[in-house]
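Okay, thanks for coming, everyone. Let me put the next one up on the screen and walk you through it.

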Amino acid sequence: PVIAFRDDGIGIPATDLPHIFTPFYRGRNKTFAAGNGIGLSLTTRIVQLHNGTLEVHSQREQGTTFTIRLPRS
């Protein structure tokens with residue numbers, strides 16, 4: 001199965017993309033938002049435990065798409 005989440009927000013800067021799955025990492029454009037930087041790292045670990053993958057595609061001012069791919073049972 002494939003699950004995709006998309007928003008039309010501000011996007012993630014290309015320099016932040018390699019780091020967004022790192023525990024406690026917060027992108028530079030998120031200074032106004034609450035959070036502690038563990039959500040994406042935790043989500044990645046859960047998906048990995050199910051032998052799946054989590055990918056991100058983002059463009060500034062055009063939004064972000066997260067795609068989860070899980071193997072069929």
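So, which residue in β3 stands opposite Gln59? That would be Gly63. Quick housekeeping: this is a predicted model, where local features need pLDDT of at least 70, side-chain atom pairs count only at pLDDT 80 or more, and totals for chains, interfaces and linings use all residues. Residues are numbered from 1 along each chain as its sequence is written, and side-chain values use heavy atoms, leaving out hydrogens and water.

pLDDT is the predictor's confidence in each residue, from 0 to 100. The protein chain averages 90, and 93% of the residues score at least 70.

Now the sheet. It's open, three strands in the order β1-β3-β2, paired antiparallel. Strands here are DSSP E runs of at least two residues, and helices are H or I runs of at least four, numbered from the N terminus; two strands pair if DSSP finds at least two bridges between them. β1 (2-7) and β2 sit at the edges with a single partner strand each, so one side of each has no neighbour in the sheet. Between β2 and β3 there are seven bridges.

Leu54 is in contact, meaning heavy atoms within 4.5 Å, with residues including Phe21, Val47 and Phe66, leaving aside neighbours within four places in sequence.
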